[in-house]
Amino acid sequence: MKCRWKCLAMAFFRIKNQKRASSLKKHQMADDAGAAGGPGGPGGPGMENRGGFRGGFGSGIRGRGRGGGLDRGRGHGARGGKAEDKEWTLVTKLGRLVKDMKIKSLEKIYLFSLPIKESELIDFFLGASLKEEVLKIMPVQKQTRAGQCTRFKAFVAMGDYNGHVGVGVKCSKEVATAIRGAMILAKLSTVLLRRGYWGNKIGKPHTVPCKPRPPLMPSLRPTATWPPASGRRLFTKSPYQEFTDHLVKTHTRVSVQRTQAPAVATS
Amino acid sequence: MAAAGARPVELGFAESAPAWRLRSEQFPSKVGGRPAWLGAAGLPGPRALACALCGRPLSFLLQVYAPLPGRADAFHRGIFLFCCREPPCCAGLRVFRNQLPRKNDFYSYEPPSENPPPETGESVCLQLKSGAHLCRVCGCLGPKTCSRCHKAYYCSKEHQTLDWRLGHKQTCAQPDHFDHIIPDHNFLFPEFEIVIETEEEIMPEVVEKEDYSEITGSMGEALEEELDSMAKHESREDTIFQKFKTQIALEPEQILRYGRGIAPIWISGENIPQEKDIPDCPCGAKRILEFQVMPQLLNYLKADRLGKSIDWGILAVFTCAESCSLGTGYTEEFVWKQDVTDTP
């Protein structure tokens, strides 16, 4: 029994001298514990005696299945700190239920008015059809004793072309951070658009019920000032604007099929 | 960001492990299954392990083997966390701490063997070295026994009823039954080992310098105000939640953050414990944060239901700063539960 203990201790010292890069992290912890106690030190916790929570001799010797973790540890440096986008680990109960496929559609979440706190859920449901657009970056300034502090306010709109839209705004010292934050907020603020028919009932519902005032709801009345010319960039991409364009142009009450809309928008 | 001093945070991850490694002799840190009790004397009784809110027995959630270097009386030290998983309660939590010196009545002075034991023997051992029997269902102290055969031990009436329905009814009447096959009562959580790694420093992200000048100034003033009022601004809750997500983003699968006296990362602005919310230890010393359990653990527990089910944001475990030994038994410590806020 004593031999076994000595062998273990010797194994540790050998490992320490080798300094293998792959297990450097873990064995450094074992080293620390060992250095503190010494190989046979009474009273001080030696490595073999599980002194300290620092992975101690547990994780060190056993060569964990955390080999995956070790690779991941090295991978962090290689990836530059950007997380993988396929593997989401969700933190809220809603997220876990969605991942387990117990909630099958975004509409169910809307139906029960459950708050969405993680933007990954929207990615999960809407995925590829999700398009994001930066509407504006606005520098805002605050007066401080040391001059003016400029931050950037980013407006981002996002949606799939099938009834889900969201707008987010975020202010930050760097443009990229503001845009990223605003994108997340846009996803969190996703709403479902109600569509019906106005005029002919051809095809699927495509007309948005709206009043002329709010920016994202295109006006049906051609006399409205919406959209202003500068906002054309957003709405040439949106299907809702396609219909407004058409209505402004023709003054008729003809509903346009979605397949015909791109032809109209370009004219 | 509050500095943790020189002490880095240790992260725990859940990994599957063979059953022999998760027994008491190996001094494991584990999630789920039956508790691998450290000291075999002074176990918390059924009354201590009853949910404070609904009265039903608590399920074993996790245990952490956390010795204190430099303390002879805390050479072995374990912290055991129990939770209530029965709907509609799903809220009670209790945590216990036990510590032993190196020379004790239950374990050898020498470290345990790293090799699996040669004989498989019985899968579950329901009796401690001290002679106390453990409940067949939950693995906690089982003072009650089946009134007919007196061979099956339980901690409470609920567990006796559960086991009766799930198979003991048949085997009880048989004389000489060896009830080593214990059915799945759907009471225990799936079993994992907790593997420990030290947290790395968060490297600053490389910011791409793109030219956004063509976007600025393309919209009129009125539109900006409209958009501002319609768009979603970041509320304080959002900020805290996003900060939480960023801090765990480097290791998104972590289930535990360990560090005596570190500052915890909160998942919400509400329900953060103040000094006065954390009771002092009966020995007189203050309680400090020992570790926090992350919500990612729930991914492994597979306990989510569409209705009410066990859920938390953060579980922060506070233990005596002196790690006092009030007897050789299990002393109760304090756990604080912070939920993810429901407000959008």
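Biologist: How far apart do the end C-alpha atoms of residues 130–193 of chain A lie?
Modeller: This is a predicted model. The UniProt annotation "domain: S5 DRBM", from an unreviewed entry, covers residues 130–193 of chain A. That span is 59% strand and 22% helix. Its end C-alpha atoms are separated by 15 Å.

Biologist: Which strands are the edge strands of the open sheet in chain A?
Modeller: Four strands of chain A form an open sheet, with antiparallel pairing, in the order 1-2-3-4. An edge strand pairs on one side only. The edges are strand 1 (131–144) and strand 4 (191–192) of chain A.

Biologist: Over how many bridges do strand 1 and strand 2 of chain A pair?
Modeller: Strands of a sheet pair through backbone hydrogen bonds. Here the sense is antiparallel, and strand 2 takes in residues 147–159 of chain A. Gln141(A) has Thr150(A) in strand 2 as its bridge partner. The count for strand 1 and strand 2 of chain A is 13 bridges.

Biologist: What angle does helix 8 of chain A make with strand 3 of chain A?
Modeller: Helix 8 (residues 175–188) of chain A packs on the sheet. It touches strand 1, strand 2 and strand 3 (164–172) of chain A. Its direction and that of strand 3 of chain A make about 145 degrees.

Biologist: Which residue with a positive phi follows helix 7 of chain A?
Modeller: Helix 7 of chain A runs over residues 119–126. The residue that follows has a phi near 45 degrees. That residue is Gly127(A).

Biologist: What share of the 344 residues of chain B count as buried?
Modeller: Chain B has four helices and twelve strands. Take its contacts with a separation of 6 or more: 71% join residues 24 or more positions apart. The buried share of chain B is 52%.

Biologist: Which residues touch the most other members of the largest nonpolar core?
Modeller: Nonpolar side chains tend to be buried together in soluble globular proteins. This core has 35 residues.

Biologist: Is Gln292(B) buried or exposed?
Modeller: Gln292(B) sits in strand 10 (residues 287–293) of chain B. It touches, among others, Ile255(B), Leu256(B), Ile314(B) and Leu315(B). A polar atom of its side chain lies 3.0 Å from the backbone nitrogen of Ile265(B). Its relative accessible area is 0%, so Gln292(B) is buried.

Biologist: How far apart in space are Ala66(B) and Gly92(B), C-alpha to C-alpha?
Modeller: Ala66(B) lies in the loop between strand 3 (59–65) and strand 4 (76–83) of chain B. Ala66(B) is buried, with a relative accessible area of 0%. In sequence, Ala66(B) and Gly92(B) are 26 residues apart. In space, C-alpha to C-alpha, the distance is 23 Å.

Definitions and conventions:
Residues are numbered from 1 along each chain as its sequence is written. Chains are lettered from A and ligands numbered from 1 in the order in which they are written. This is a predicted model: local features need pLDDT of at least 70, side-chain atom pairs count only at pLDDT 80 or more; totals for chains, interfaces and linings use all residues. Side-chain values use heavy atoms; hydrogens and water are left out. Helices (H or I, at least four residues) and strands (E, at least two) are DSSP runs, numbered from the N terminus. Buried means under 20% relative accessible area, exposed over 50%, partly exposed in between (1.4 Å probe, protein chains only). A polar contact is a pair of N or O atoms within 3.5 Å; within protein, one must be able to donate a hydrogen and the other to accept it, and residues adjacent in sequence count only if both atoms are side-chain atoms. Contact means heavy atoms within 4.5 Å. Two strands pair if DSSP finds at least two bridges between them. Axes are lines fitted to C-alpha atoms, for helices over the stretch in contact, and angles run from 0 to 180 degrees between N-to-C directions. A nonpolar core is a set of buried Ala, Val, Leu, Ile, Met, Phe, Trp, Tyr and Cys residues joined through side-chain atoms within 4.5 Å. UniProt positions are given in the numbering used here, feature names are shortened, and annotations may be inferred rather than shown by experiment. Lists of a residue's contacts leave out its neighbours within four places in sequence.
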